[in-house]
Amino acid sequence: KAQASGEIYKMPAGPMMLAVGIEYYKDEASYLNNFALIRQAASSGLELAEDSSGSRSWTGFMAELNIPVDKTLEVNLAARYDDYSDVGGTFNPKASVRWTPMKELLLRGSINTGFRAPTLYDVYAPNSITFTENSYNDPVLCPGGTVNTAAGGVASRDCDQQFQQQQGGNKNLESETSTAWTVGMVFQPTNSSMVSLDYWNYVVDNSIGPIGENVIFDDPTKYSAQFQRCSQLSADEQAALVGTCGPGQPGDPLAYIVNTQVNLGKYKTSGIDFAANWRSEASAYGRFFAGWN
């Protein structure tokens, strides 16, 4: 990692400053299973696990320019370019402004884009099989809590049960991207009092995380691809989950739901930050402070 900064131009209101930098990283991850021990432990959760490993290198270039337009106005421009070996390149700019129309008042705002590549753990963590935290009904063999005997449903197996779920990494993940902007003010009428108010707005695309067991079971039509039944598994997988998919089971039992890391989609958040503070002068009784945030 290397960086440099300095004055590049003298303006009437002050020096124009430039900072530049470059950095290089490389990460490696390996997840190795001791299958001899795993196979001895019943319900280890790793019956379907496979060894997994991966690596990533990336180079980042960044620059920041601070421009004192005049005594009351300051503009800051910044940009960053990252080149990842596995997910490609991304360019993310930022612009911010600070304006002081009077000495008691500061107005400020900013806008920028962002980027977050999935971590190596998000991508390569071994898949494990664990039980759901809550109890559910099989949407096919026990819809709405009523066992479907015609389809081979068994109440003790398919109704109000903790089913198995597959958790872990996902090699098909895409990176998160974001856009954010803020606008606000700071008002300081006296040396002992201050009020600040800021509005912020964030939008994140391709957010990374698990769907959630309750979401999957609440809408089995939308998330039908997350339900893996015994008939969909290979013979080796069925043998590994013999407790659920063993021979002689009536119907087509639910082997597990897939609840690994995925790109969930877009979410938006916004809010207001407010602060008001007052500080007394020093006195024989000390200094007093009051604040609300």
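These legends go with several views of a predicted model.

Residues are numbered from 1 along each chain as its sequence is written, and side-chain values rest on heavy atoms, with hydrogens and water left out. Because the model is predicted, local features need pLDDT of at least 70 and side-chain atom pairs count only at pLDDT 80 or more, while totals for chains, interfaces and linings use all residues.

View 1. Helices (H or I, at least four residues) and strands (E, at least two) are DSSP runs, numbered from the N terminus. The C-alpha atoms fill a box of roughly 85 × 45 × 40 Å along the principal axes. The radius of gyration of the protein chain is 28 Å, whereas a compact globule of 293 residues would have one near 19 Å; this radius is taken over C-alpha atoms, and the globule rule is 2.2 Å times the number of residues to the power 0.38. Of the 293 residues, 34% count as buried, where buried means under 20% relative accessible area, exposed over 50% and partly exposed in between (1.4 Å probe, protein chains only). Among contacts with a separation of 6 or more, 62% link residues 24 or more positions apart; a contact means heavy atoms within 4.5 Å.

**View 2. Charged side chains of the protein chain.** Here you can look for 20 positive and 31 negative side chains, with the centres of the two sets 11 Å apart. Lys and Arg count as positive and Asp and Glu as negative, leaving out His and the chain ends. Each charge is placed at NZ of Lys, CZ of Arg, CG of Asp or CD of Glu.

**View 3. Strands β1, β2 and β3, with β2 paired to β1 and to β3.** Two strands pair if DSSP finds at least two bridges between them. Strand β1 (residues 2-11) runs antiparallel to β2 (residues 14-31), with nine bridges joining them. A hairpin of two residues links β1 to β2, and M11 stands opposite G14 in β2. On to β3 (residues 52-68): 15 bridges join this strand to β2, again antiparallel. Find E28 and you will see S55 of β3 opposite.

**View 4. Strand β12 and its partners β8 and β11.** Five of the five residues of β12 are buried, so this strand is largely enclosed by the rest of the structure. With β8, the pairing is parallel over two bridges, and Q165 has I257 of β12 as its bridge partner. With β11 (residues 227-229), the pairing is antiparallel and has three bridges; R229 stands opposite L254 in β12.

**View 5. G251 in the loop between α6 (242-245) and β12 (254-258).** This glycine is partly exposed, with a relative accessible area of 43%. Leaving aside residues up to four places away in sequence, G251 touches A151 and G152. By contrast, G291 is 40 residues from G251 in sequence and 65 Å away in space, C-alpha to C-alpha.

View 6. Most residues other than glycine have a negative phi. D160 sits in the loop between α3 (155-158) and β8 (164-167) and is exposed, at 54% relative accessible area. N206 belongs to strand β10 (residues 193-210) and counts as partly exposed, at 26% relative accessibility.
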